[in-house]
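Q: Could you walk me through this structure, one feature at a time? I would like the general idea before each case.

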Amino acid sequence: MSAPTMLPEIVVLGTGGTISAVADARGRNGAGLSAGEIVTGAGALDEIAVIRSGDVRRIPGRAMTPQDMHDIALRVGAEVAAGCSGVVITHGTDTIEETVYALALMLDVPVPVVMTGAMRLPADPGHDGGANLRTAVVAATRRDLAAFGPLLAFGDELHLARWVTKQHTSRPAAFASPETGPAGVVVEGRVLMNAPPADSDHLGLPDSLGGTRVELVWIYAGADGALIEAAAERADGIVVAGTGGGHTPPSVAEAIGAVVAGGTPVVVASRCAAGPTLHDTYGGPGGEAHLRGLGAVHAGRLPALKARLRLQVALALGRDVREVFPR
């Protein structure tokens with residue numbers, strides 16, 4: 001008689017969000033269910049893994065801060081050190097794309113880390129939280145997926161932290177990776193990956209993110225340098241979501257030059273949904289060549305939201321900004 005197969009131990013960490021929502025007396029929903037209650041509601045996960053659960057936060061996604069993300073990273077590290085085979089994190093969808101990338105920056109662990117959530121409330125018909133949690137647990141049992149860094153599991157798809165974004169406010173199929181498509185899918189309980197792991201986004205785990213402030217300034221037609229100047233008064237760094245390939249109006253470029261000269265790093269990304277910042281195509285005030293000459297650093301293929309987190313972690317670690325945003 002063969003010995004029974006040992007199931008992997010997966011830790012499910014709750015942070016709140018729609019997947020945990022409970023309605024109040026007025027019918028308005030807020031984070032309420034614990035990670036253990038979410039696991040119980042998903043049903044039959046014990047066929048896949050030995051599940052252990054705990055909570056890091058119980059807040060809506062809109063309330064998540066970089067310091068909360070830092071605390072989640074610390075908890076994941078502690079669970080991995082305790083010997084789990086993988087970690088699943090439930091999270092509100094408003095900022096899940098930011099948290100999964102923050103974890104990619106701060107964590108380098110030998111087990112899979114998979115984030116998930118829900119678009120439909122637990123009390124609604126067709127609630128997707130249980131199915132998404134099951135997909136995440138299946139992925140977390142695949143030890144080799146650790147090489148991909150933290151992943152987002154949603155709608156049977158697995159997305160890389162660097163590329164995934166929330167593309168719709170309310171549909172169950174809210175997440176996509178415009179640059180690359182999903183990194184993999186889960187079909188019949190099996191993980192099928194579409195490509196090998198990409199380069200790591202890992203920078204390191206700072207002591208804290210609470211003392212480092214990075215502002216994000218969105219560029220629009222007619223913008224001037226007022227927001228750049230105001231941000232520089234309080235921020236340790238600024239990310240600019242520029243037009244097209246990473247451009248700004250001339251008056252914004254002038255403000256960027258002054259801010260950089262004053263010692264505040266500025267990273268220029270694009271406000272476009274996909275595509276890299278350009279390097280040497282357009283000249284003139286506000287073009288990418290001009291901004292680079294002023295000392296701004298371009299984000300390359302990294303979206304503005306994630307460039308902000310990368311700059312924040314880099315500054316908290318004392319890293320050189322040009323080193324962490326290579327051409």
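A: Ala44 is partly exposed because its relative accessible area is 39%; buried means under 20%, exposed over 50%, and partly exposed in between (1.4 Å probe, protein chains only). This is a predicted model, where local features need pLDDT of at least 70, side-chain atom pairs count only at pLDDT 80 or more, and totals for chains, interfaces and linings use all residues. Residues are numbered from 1 along each chain as its sequence is written, and side-chain values use heavy atoms, with hydrogens and water left out.

Q: Where does Ala44 sit?

A: Helices (H or I, at least four residues) and strands (E, at least two) are DSSP runs, numbered from the N terminus. Ala44 belongs to the loop between helix H1 (35-42) and strand S4 (50-55). Its phi is positive, about 60 degrees, although Ala44 is not a glycine.

Q: Which loop holds Glu188, and is Glu188 buried or exposed?

A: Look between strand S11 (184-187) and strand S12 (190-193) for Glu188. Glu188 is exposed because its relative accessibility is 72%. Glu188, also not a glycine, has a positive phi of about 55 degrees.

Q: How many residues of helix H3 are buried?

A: An α-helix has 3.6 residues a turn, so residues three or four places apart point the same way. In helix H3 (residues 96-106), 11 of its 11 residues are buried, including Glu97, Tyr101 and Met106.

Q: How many disulfides are there?

A: A disulfide is a pair of cysteine sulfur atoms within 2.5 Å, and the count by this rule is 0. As for individual cysteines, Cys84 is buried because its relative accessibility is 3%, whereas Cys272 is partly exposed at 38%.
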